[in-house]
Amino acid sequence: MPFRSLFPLLLAAGLAVGAWTTSPDAAPPDAPAADAVVEMTNTLAFTPDTVRIATGETVEWRNTSLIAHTVTADPEQATLAESVHLPEGAEPFDSGMLDPEQTFQHTFTTPGTYRYFCIPHEGAEMRGTVIVE
Ligand SMILES: [Cu+2]
């Protein structure tokens, strides 16, 4: 078979391998840089489970696992009272379902201690804390 007829095949194979090996950049290009990053893991944990930031700073959660998670600080969506704590005057927030490689950012404008959880893994105590100083 002459090389000329092989070339489109080789090109296609090269593109396929390129697409397969290039991992997508999880954060949208227009997302502001986060002040703290928390990973959501296959062991049903937020890592680190506690982050400290200053008022007005942003936390980014990255689902680095193979399963969907949420970042939920809304008492109305919790079954257990200990899953959520919001400082006085802070608005509840919820990421919705985050598939593998998806990210979520939240900017904290009210100081205090926030406890949040993951809706599908509330029973496994998948919880985290953000301390806004
Ligand atoms: Cu989870």
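**Architecture and core of the predicted model**

Of the 133 residues in the chain, 23% are buried. The structure is a predicted model, with an average pLDDT of 86 over the chain and a score of at least 70 for 76% of the residues. Within residues 6–25 the pLDDT falls below 50, and this stretch makes two contacts in the model beyond its near neighbours in sequence.

The chain contains one helix and nine strands. In sequence order, these elements follow the pattern α-β-β-β-β-β-β-β-β-β. Among contacts between residues at least 6 apart in sequence, 63% link residues separated by at least 24 positions.

An open sheet of mixed pairing is formed by four strands in the order 2-1-4-7. Strand 1 (residues 36–40) runs antiparallel to strand 2, and the two are joined by two bridges. Within this pairing, Glu 39 has Thr 47 of strand 2 as its bridge partner.

Further pairing involves strand 9 (residues 127–132), which is joined to strand 3 by four bridges in the parallel sense. Val 130 in strand 9 is the bridge partner of Val 51. Strand 9 also pairs with strand 8 (residues 112–117), here in the antiparallel sense and over six bridges. Phe 117 is placed opposite Arg 127 of strand 9.

Thr 50 belongs to strand 3 (residues 50–53). Thr 50 is exposed because 12 other C-beta atoms lie within 10 Å, and a residue with 12 or fewer is classed in this way. Leaving aside residues up to four places away in sequence, Thr 50 touches Gly 128, Thr 129 and Ile 131. The C-alpha atoms of Thr 50 and Arg 115 are separated by 9.1 Å, although the two residues lie 65 residues apart along the chain.

The largest nonpolar core comprises 19 residues, of which Phe 46, Trp 61, Tyr 114, Tyr 116, Phe 117, Met 126 and Val 130 touch the most other members. Two or more residues are given to this core by each of strand 1, strand 4 (58–63), strand 8 and strand 9. Strand 8 provides the largest share, three residues. In soluble globular proteins, nonpolar side chains tend to be buried together. Apart from residues up to four places away in sequence, Trp 61 touches Val 38, Met 40, Val 71, Ser 95, Thr 103 and Phe 104.

The peptide bond from Thr 47 to Pro 48 is cis, with omega near -5 degrees, and Pro 48 is located in the loop between strand 2 and strand 3. Leu 44, in the loop between strand 1 and strand 2, has a positive phi of about 60 degrees although it is not a glycine. Leu 44 counts as partly exposed, since 17 C-beta neighbours lie inside 10 Å. A positive phi, near 60 degrees, is also found at Glu 125, a residue other than glycine. Glu 125 lies in the loop between strand 8 and strand 9 and, with 13 C-beta neighbours inside 10 Å, is likewise classed as partly exposed.

Terms used. Residues numbered from 1 in each chain as written. Predicted model: local features only at pLDDT ≥ 70, side-chain atom pairs only at ≥ 80, totals over all residues. pLDDT = per-residue confidence, 0-100. Contact = placed C-beta atoms within 7 Å. Buried ≥ 20, exposed ≤ 12 C-beta atoms within 10 Å, placed from the backbone. Pairing = 2+ DSSP bridges. Core = buried A, V, L, I, M, F, W, Y, C linked by C-beta atoms within 7 Å.
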